[in-house]
Amino acid sequence: YSEHTDYVNALSLIHRKAKTCIASGSRDHTIKVWDLYTCRTLLSIHDRKLYVTKLLILPLGRILSTSSNTEISVWNIQNGEHCYSLSGGAPKQYSSKPLAQLHDGRVVVA
């Protein structure tokens, strides 16, 4: 897992079809999806904002990331495309709060 060039701040487990993967988010502004058993990088996403602070796997093949400027972004895990972002008005301390997903798909910031 040496492909990140700065500290890794977030890890999240992904179950993809026949593979188990890990997503990692780093201070180097990237999210990487790794094959857990071969340690190969399957996908690399560059977050054009600031460093990645949290990751949460969402249904429908998406991953939610928070960044150090409090922006929340949603990405497609299959192709790395940016789906959308939410920003503005969220206090900076939210980037350090735990994220959780409820059984109905809603995301909670604790």
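Start at histidine 29, in the loop between β2 (19-26) and β3 (30-35). Strands here are DSSP runs of E, at least two residues long, and helices are runs of H or I, at least four, with numbering from the N terminus.

Now the ground rules. This is a predicted model, so local features need pLDDT of at least 70 and side-chain atom pairs pLDDT 80 or more, while totals for chains, interfaces and linings use all residues. Residues are numbered from 1 along each chain as its sequence is written, and side-chain values use heavy atoms, with hydrogens and water left out.

Now the overall picture. The protein has zero helices and 10 strands. From the N terminus, the order reads β-β-β-β-β-β-β-β-β-β. There are 110 residues, and 39% of them are buried. Buried means under 20% relative accessible area, exposed means over 50%, and partly exposed lies in between, with a 1.4 Å probe and protein chains only. The accessible surface is about 6,500 Å², and carbon and sulfur atoms hold 54% of it. That area comes from the Shrake-Rupley method with a 1.4 Å probe. Next, contacts, meaning heavy atoms within 4.5 Å. Take those between residues at least 6 apart in sequence: 31% of them join residues at least 24 apart.

β2 and β3 run antiparallel, paired over five bridges. Pairing requires at least two DSSP bridges between two strands. Three residues separate β2 and β3 in this hairpin. Histidine 29 sits in the turn. Histidine 29 is partly exposed, because its relative accessibility is 23%.

Look along β2 itself. Seven of its eight residues are buried. Cysteine 21 stands opposite aspartate 35 in β3. Is cysteine 21 buried or exposed? Buried, because its relative accessibility is 0%.

Valine 33 has leucine 43 in β4 as its bridge partner. This hairpin has five residues between its strands. Which residue in it takes a positive phi? Cysteine 39, near 65 degrees.

One word on strands in general. Side chains in a regular strand alternate between the two faces of the sheet.

Now, the cysteines. Cysteine 83 is partly exposed, because its relative accessible area is 29%.

On to the aromatics. Arginine 27 lies over the face of tyrosine 51, at 4.3 Å from the ring centre. For a charge over a ring, NZ of Lys or CZ of Arg must be within 6 Å of the ring centre and within 35 degrees of the ring normal.

Last stop, glutamate 81. It sits in the loop between β7 (72-76) and β8 (82-86). What does glutamate 81 touch, leaving aside neighbours within four places in sequence? Val74, Trp75 and Asn76. Histidine 46 is 35 residues away from glutamate 81 along the chain. The C-alpha atoms of glutamate 81 and histidine 46 are 9.9 Å apart.
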